[in-house]
Amino acid sequence: PDLTAAPLDPRAAEALHAARRPARDDAVDAYAAAHSSREPAVVEACRLDALARYPAAAHMCSGHAQGLLLATLCRLMRCESALELGTFCGYGTLWLASATKTKVVTVDRDPRAAAVAASHFARAAREEAWAAVVQVDADRADYLASDRAVDDGPHDLIYVDCDKKGYAKIFDAILDRGLLKPGGAAVFDNTLWKGKVVD
């Protein structure tokens, strides 16, 4: 990819200060990936593009095992519609779209990362018979408070991967606004927050 076309993601600054994962965690991830279904080509291209464009922030891609888990949940639930809060470059979105029947609505406020994601969504639309991806350029709080959020839903699965400190408010908004179908699942990333939850 043309790295000069994408200015540094503003979230990369935070990532530069984040502690690196131990090598053992990387080895466990590699083992899980080697013994799981492969990434579809479109999904792999998205991951590699995010790594090339945003090397310090590429950890924000959900990851192979996590993406496969999201797709598996969607398949088990026979998911018609999914909502994702926190798109980044669209890696998790593509996994959701690969296993959702109708649509995936994905919300992020970073227009630069959204432009990268849009290119991968366009490729998926050309090459795969996956669910349609609807991108929303908005802050998650503004979106959740809007009429559009209600009109877009309710959803079978909601995947939350943004604003870690705001998870309680996001959870309340999802329930209060009726965004989740009865029997649906809300999946929150990073709830263990690198083990710090025990503190």
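Student: What makes arginine 78 count as exposed?

Tutor: Its relative accessibility is 62%. Exposed means over 50% relative accessible area, buried under 20%, and partly exposed in between (1.4 Å probe, protein chains only). Arginine 78 is therefore exposed.

Student: What should I know about the model and its numbering?

Tutor: It is a predicted model, where local features need pLDDT of at least 70, side-chain atom pairs count only at pLDDT 80 or more, and totals for chains, interfaces and linings use all residues. Residues are numbered from 1 along each chain as its sequence is written, and side-chain values use heavy atoms, leaving out hydrogens and water.

Student: Where does arginine 78 sit, and what is its phi?

Tutor: It lies in the loop between α4 and β1 (81–85). Helices (H or I, at least four residues) and strands (E, at least two) are DSSP runs, numbered from the N terminus. Most residues other than glycine have a negative phi.

Student: Why is phenylalanine 88 called buried?

Tutor: Its relative accessibility is 4%, so phenylalanine 88 counts as buried. It also has a positive phi of about 50 degrees, and it is found in the loop between β1 and α5.

Student: Which residues have the most contacts inside the largest nonpolar core?

Tutor: Phe88, Cys89, Leu94 and Leu96, in a core of 30 residues. A nonpolar core is a set of buried Ala, Val, Leu, Ile, Met, Phe, Trp, Tyr and Cys residues joined through side-chain atoms within 4.5 Å. Apart from it lies another core of 18 residues, including Ala138 and Ile170.

Student: How do you know that α3 is roughly antiparallel to α5?

Tutor: They pack at about 170 degrees, with axes 9 Å apart. Axes are lines fitted to C-alpha atoms, for helices over the stretch in contact, and angles run from 0 to 180 degrees between N-to-C directions. Under 35 counts as roughly parallel, over 145 as roughly antiparallel, 65 to 115 as roughly perpendicular, and the rest as oblique. The pair is therefore roughly antiparallel.

Student: Which residues meet there?

Tutor: Val42, Val43, Cys46 and Arg47 in α3 meet Tyr91, Leu94 and Trp95 in α5. Contact means heavy atoms within 4.5 Å.

Student: Which peptide bond is cis?

Tutor: The one from glycine 153 to proline 154, with omega near -5 degrees. Proline 154 is found in the loop between α8 (147–152) and β4.
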